[in-house]
Amino acid sequence: MKRTSDLICFSAVLIIAALLLTTEDLYCQKTRTGIEVLEKSGFGILKGKKVGLITNPTGVDHNLRSTIDILYNAPGIKLVALFAPEHGIRGEFVAGEYVASQTDALTGLPVYSLHGSTRKPTPDMLKGIDVLVYDIQDIGSRSYTFISTMGLAMEAAAENNIEFVVLDRPNPLGGIKMEGPLTRQGFVSFVSQYEIPYIHGLTAGELAMFLNGEGLLKDGEKCNLKVIKMEGWTRNMLFEDTGLQWIPSSPNIPEITSPLFYPVTGIAGELYVVNIGVGYTLPFKLFGADWIDADSLSVGLNSLSHSGVI
């Protein structure tokens, strides 16, 4: 019952987002994302090719048109397959849930799961594909699984001699802050797939270039990588500075400020000694437990006199 309720709530959020700010005239767009730059260029690098697309509900243009629809209807391009990360291609799965391969109801295209029996595209999945395109909004923290999906897909592209294209999007934490230790040997997992800081300060496209250029993919392999860079994005921008509409990147990252809280409370939640608001109305925005004395804690924290924090 809880899963059904969560999915209904998440679907409702996506529907409401689709009803808001549906034309460029309604808000000030400063940043043009990779899919918009690609479309403006006439889809040149994809012309005449069979395309596989890795995306989710965050893959949209400023009018909230899905990248799936844009590429499916683009002249001279043959979109032949979709690849689903955690939460699914249309955002219909909860966190950590097994995502099954299926047929997309809207396009009739096969949807291959990258969060089910395999997390890396197999040769059978990639058969007949010339180029893999990646268009997903990241949140700037290493433990978010979408960048792990991207890296593993890059490895598969290298192994199968397929081009890999990243349609870049902003890092919501900006491009200046880098914090936290690197992933240590022996502690690699799907939520820490690569040796990067916890807050990595990179866009997905920049991260792809880093993994490729530094030989961090499996066995140091390198894929044929192209990044369609954004226009109008600078490193000092937070997401609210871009003029773009925030689309929930997962059920518990519903708001434009959610990525700011995730690096702290997300890690605390993994200790399983505090509640971090997941399942309530403020996911990742609070923490608490029965054994915490709220008055004592607030007095102690306020005595530290951190600027701007009360």
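**The sheet and its surroundings**

Author: Serine 66 counts as buried, at 13% relative accessibility; buried means under 20% relative accessible area, exposed means over 50%, and partly exposed is what falls in between, using a 1.4 Å probe and protein chains only. Before going on, a word on the ground rules: the model is predicted, so local features need pLDDT of at least 70 and side-chain atom pairs count only at pLDDT 80 or more, while totals for chains, interfaces and linings use all residues. Residues are numbered from 1 along each chain as its sequence is written, and side-chain values use heavy atoms, with hydrogens and water left out.

Back to serine 66, which you'll find in the loop between S1 and helix H3 (67-72). Helices (H or I, at least four residues) and strands (E, at least two) are DSSP runs, numbered from the N terminus. Setting aside residues up to four places away in sequence, serine 66 touches Gly59, Val60 and Arg90, where contact means heavy atoms within 4.5 Å.

Now for the sheet itself. It is open and made of seven strands, in the order S3-S4-S2-S1-S5-S6-S7, with mixed pairing; two strands pair if DSSP finds at least two bridges between them. As a general point, strands of a sheet pair through backbone hydrogen bonds, either parallel or antiparallel. Which strands stand at the edges? Those are S3 (102-103) and S7 (224-228): each has a single partner strand, so one side of each has no neighbour in the sheet.

Let's start with S4. Strand S2 (residues 78-84) and strand S4 (residues 110-113) run parallel, joined by three bridges. One of the residues to look at is serine 113 of S4, the bridge partner of alanine 84. Serine 113 has a relative accessible area of 4%, so it is buried. Leave aside its neighbours within four places in sequence, and serine 113 is in contact with Ala84, Val99, Ala100, Ser101, Thr118 and Met125.

S6 pairs with S5 (residues 131-135) in the parallel sense, over four bridges, and valine 166 of S6 is the bridge partner of tyrosine 134.

Next come the helices. H6 lies across S5, S6 and S7, running at about 160 degrees to S7; axes are lines fitted to C-alpha atoms, for helices over the stretch in contact, and angles run from 0 to 180 degrees between N-to-C directions. How do H5 and H6 meet? The axes of H5 (residues 145-159) and H6 (residues 204-213) come within 11 Å and cross at roughly 45 degrees. That makes H5 oblique to H6, because angles under 35 degrees count as roughly parallel, over 145 as roughly antiparallel, 65 to 115 as roughly perpendicular, and the rest as oblique. On the H5 side the contact is made by Ile147, Met150, Gly151 and Met154, and on the H6 side by Ala204, Leu207, Ala208, Leu211 and Asn212. Those residues divide into seven nonpolar, two polar and no charged; Ala, Val, Leu, Ile, Met, Phe, Trp, Tyr, Cys and Pro count as nonpolar, Asp, Glu, Lys and Arg as charged, and the others, Gly among them, as polar.

Finally, the loops. Glycine 140 sits in the loop between S5 and H5 and is buried, at a relative accessible area of 0%. Histidine 87, in the loop between S2 and S3, has a positive phi of about 80 degrees although it is not a glycine, and is buried at 6% relative accessible area. Aspartate 219 also has a positive phi, of about 60 degrees, without being a glycine. Aspartate 219 lies in the loop between H6 and S7, and is exposed, with a relative accessible area of 71%.
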